[in-house]
Amino acid sequence: MKSPATNDTEADKAALHSQDTRHTDNRDHVQLKVPLIQQSYHWDCGLACARMVLQYLNLLNEEEFQNAMQELQLTKSIWTIDLAYLMHHFAVQHQFCTQTLGVDKGYKNQSFYRKHFDAEENRVNQLFAQAKAHGVNVEKRSVTIQELQDHLSKGHVAIVLVNAVLLLCDLCPSRVKYCCFLPIGQKCFCKSIEYQGHFIVLCGYNKSSESLFYNNPGYADRLCRTSITNFEEARSSYGTDEDILFIYVDS
């Protein structure tokens with residue numbers, strides 16, 4: 001436990017710079033040392049998150065990762081169910097929780113989904129229908145913050161789908177407040193009021209400040225932090241289905 005006289009910022013900095021263990025934790029503060037891997041394109045944030053998770057588990061082999069992408073026929077449209085199948089391919093223990101077992105037909109009217117909707121609807125629905133037979137763990141339910149904190153406190157991580165327009169990082173400069181920018185040289189796509197799906201890796205929390213830590217694949221040089229209130233807003237926005245992919249270290 002940190003001293004009552006120690007403020008949250010000091011505790012966060014101390015945790016970020018500690019290299020003695022894989023993660024620092026107590027009942028109030030958990031910070032997992034999940035490697036930062038930046039996305040390369042506007043569409044591969046989910047794959048970057050998968051790479052972070054696999055590297056955290058010491059399972060990342062780029063040649064095998066490329067083979068898995070080919071085998072699973074992953075393209076420029078990556079859904080959370082794709083990431084669940086990808087974790088299964090690497091024999092990673094996982095649990096995919098979502099509010100919709102398949103594709104919400106209402107997404108056809110959203111600009112974010114419209115381009116690939118017709119081509120993807122049947123594919124994604126089939127992945128859900130065949131998940132159990134393929135050993136991919138999917139459950140229709142909501143997830144509480146307490147459950148996420150308990151998960152993180154055991155050294156586990158989670159990939160979360162959020163609305164990037166709503167997710168605000170407390171640690172980023174105001175000029176990059178959306179915290180979902182693309183790699184250098186690519187146009188930012190998230191400054192509209194419309195839904196913009198974005199995957200992040202949840203990797204810690206601070207109960208005193210009621211905040212959560214996450215790796216944003218839009219960056220390769222920073223850890224992000226947001227309030228629980230903001231996180232809840234961003235991850236429950238229409239378009240996310242409240243998708244959370246729990247990853248377990250004892251895989």
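Which residues is Phe112 in contact with, leaving aside its neighbours within four places in sequence? I took this as my starting point. The model I am reading is a predicted one.

**Entry 1: Phe112**

I looked up the contacts and found Tyr195, Gln196 and Gly197, with neighbours within four places in sequence left out. I then checked the placement of Phe112, which is in helix H5, residues 111-114. For Tyr195, I noted the separation from Phe112 along the chain, which is 83 residues. In space, the C-alpha atoms of Phe112 and Tyr195 are 6.6 Å apart.

Is Phe112 buried, exposed or partly exposed? I read a relative accessibility of 32% for Phe112.

**Entry 2: strand E3**

I moved on to strand E3, which covers residues 94-98. How many residues of E3 are buried? I found five of its five buried, and wrote the strand down as mostly covered. I also sorted the residues of E3 by face. On one side are His94, Phe96 and Thr98, and on the other are Gln95 and Cys97. Both faces are covered.

**Entry 3: partners of E3**

Another is E4, residues 138-140, which pairs with E3 in the parallel sense over three bridges. Here I noted Cys97, with Glu139 as its bridge partner in E4.

Key
Residues are numbered from 1 along each chain as its sequence is written. This is a predicted model: local features need pLDDT of at least 70, side-chain atom pairs count only at pLDDT 80 or more; totals for chains, interfaces and linings use all residues. Side-chain values use heavy atoms; hydrogens and water are left out. Helices (H or I, at least four residues) and strands (E, at least two) are DSSP runs, numbered from the N terminus. Buried means under 20% relative accessible area, exposed over 50%, partly exposed in between (1.4 Å probe, protein chains only). Contact means heavy atoms within 4.5 Å. Two strands pair if DSSP finds at least two bridges between them.
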